[in-house]
Amino acid sequence: MYSRINSGSPLGIDGMVVTVEADISQGLPSLSMVGYLSSSVREAGDRVRTALKNSGYGLPPRRITVSLSPADVRKDGAGYDLAIAVALLCCMEVLPREGLEEYMFLGELGLDGSVREIPGVLAVAHFAEKQGYRKIVVPKGNAAEAACIDGIRVYGVESLLEVISFLEGELILDPTPRDVTRTVLQEPGHDISEIHGQKAMKRGVEIAVAGFHNILMTGAAGAGKSLMAKCLPGLMPEMTYEEQLELTKIYSVAGLLRGQGGLMHLRPFRSPHANVSASALLGGGAIPRPGEVSLADCGVLFLDEFPEFGRGVIEGLRAPMEDQEVTVSRVRASYRFPARFMLVAARNNCPCGFYPDRMRCHCTERQILDYRNRISHPIMDRIDIRIEVRPVDMEDLLGQKEEEDSSVVRARIEEARARQLSRYEGEAFRFNSSVPQSRLLDYIRLGREESLLLQQEYRKGTLSARGYFKVLRLARTVADLEGREEISCKDLTEALFFRNGGLSGEEGGEGI
């Protein structure tokens with residue numbers, strides 16, 4: 001007897017339909033599995049055989065062949081177990097084969113016949129809905145996650161016996177209700193009012209968030225760089241449904257939603273340690289998984305002690321910062337992971353962290369120069385805003401002055417974001433920082449005086465060609481924060497100040 005059942009697998013953050021075919025015929029008793037399978041999939045034969053036996057349906061002593069197609073794409077994981085079991089039960093005529101073509105089955109089987117959670121269900125369910133599937137059977141723990149997709153009925157099951165009873169019509173399962181208000185648990189961030197003083201740093205961060213610009217904070221240890229970075233998610237506007245869905249798919253594929261359902265409503269904040277590998281940061285592996293740059297999608301990637309990261313790791317950021325995605329290529333497949341993150345990097349002035357306090361800093365000029373040169377010019381050139389952070393003044397630290405909280409700053413940022421969304425309506429980009437160079441002059445026009453100012457700065461040699469256009473994007477964001485469509489010399493001056501390493505503190509504040 002022959003049967004055919006539909007299953008699926010994540011491919012990047014998209015999905016792929018995997019057809020499970022089973023055949024039971026005369027011959028020596030055996031169970032062979034084919035279709036470019038990893039060891040975890042080949043082991044499915046033993047899991048399924050034992051799960052069927054413990055559920056009361058032992059396999060017959062015949063030649064059994066199971067094929068997973070397409071055969072030119074490597075399959076990995078235990079998510080095909082349930083589909084293989086259903087295909088074999090159809091061959092054994094325990095289940096009817098009619099009507100199952102509209103179903104997709106996902107899930108790992110325990111030896112007792114239980115159906116266990118698997119990663120990547122949301123990505124597969126989204127892809128299945130686009131391909132016209134209207135019913136999907138998944139583990140109970142993944143049901144709320146898959147039900148975020150509209151237009152497909154999700155049935156959560158706990159055991160193989162429950163699946164059999166459901167398909168035989170003896171058990172009625174209600175589809176899991178769609179609830180996009182259900183939230184994946186996330187840690188809340190800090191409020192910007194916790195930071196005393198640092199007027200210029202706060203202004204630079206406000207500009208960075210408003211236009212989604214990359215930022216580097218350089219300065220003394222303990223000045224508030226790390227705390228400021230942790231405040232950033234709270235300054236960002238709420239995510240759209242499309243952003244929530246994309247981010248949740250990434251976390252689903254990464255296996256970070258175990259035991260949770262719903263969508264991620266808060267923007268992510270990822271802070272990998274300096275010893276992170278290039279594969280862990282950018283994504284990859286034998287079966288590619290999203291890295292930290294993708295887990296920070298729509299949010300913040302914070303790299304503290306930036307020069308301490310491996311040079312290969314830092315240089316690997318070039319492509320994601322430009323392309324806003326990571327493509328991991330293998331011989332027979334390519335995996336795409338979005339990486340629309342805002343890079344926030346922090347570093348000290350020297351290896352010991354005390355420079356320019358020469359009473360405590362004993363680093364040589366060569367050590368300080370080598371420390372700063374660990375970040376190459378191409379990477380620095382891709383960072384829009386660079387801020388020199390000074391220690392907090394005693395008056396600010398102990399003063400009773402009330403600082404602006406995140407809600408006030410976020411309101412100004414949301415107004416600037418609204419102007420950008422209106423300006424770039426219908427375009428593939430949404431932020432000033434993302435406007436491609438070929439379209440820049442369509443949206444950013446300078447008057448004669450402003451053009452002369454920027455040309456004069458370029459002739460000084462302080463700006464590269466890339467830096468020239470980044471200043472234009474920064475000035476566009478500054479004007480948006482001020483509620484103006486025209487870019488003034490003041491906007492350009494402020495953009496140049498932050499592009500060229502503005503000083504935090506009163507001196508920097510007056511220079512803006």
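Pro-70 sits in the loop between strand 4 (63-69) and helix 3 (81-91); helices (H or I, at least four residues) and strands (E, at least two) are DSSP runs numbered from the N terminus. The model is predicted, so local features need pLDDT of at least 70 and side-chain atom pairs count only at pLDDT 80 or more, while totals for chains, interfaces and linings use all residues. Residues are numbered from 1 along each chain as its sequence is written, and side-chain values use heavy atoms, with hydrogens and water left out.

**Exercise 1.** State which form the peptide bond from Ser-69 to Pro-70 takes.

Solution. Read omega, which is near 10°. The bond is cis.

**Exercise 2.** Decide whether Arg-267 and Glu-243, a salt-bridge pair, are buried or exposed.

Solution. Step 1: the closest N and O atoms are 3.3 Å apart; a salt bridge is a side-chain nitrogen of Lys or Arg within 4 Å of a carboxyl oxygen of Asp or Glu. Step 2: buried means under 20% relative accessible area, exposed over 50%, partly exposed in between (1.4 Å probe, protein chains only). Step 3: Arg-267 has 10% relative accessibility and counts as buried. Glu-243, at 4%, also counts as buried.

**Exercise 3.** Find what the salt bridge between Glu-322 and Arg-466 ties together.

Solution. Step 1: the N to O distance is 3.5 Å. Step 2: Glu-322 is in helix 13 (residues 318-323) and Arg-466 in helix 20 (residues 465-481), so the pair ties together parts 144 residues apart in sequence. Step 3: salt bridges with shared partners join Glu-322, Asp-381, Arg-382, Arg-466 and Arg-499 into one network.
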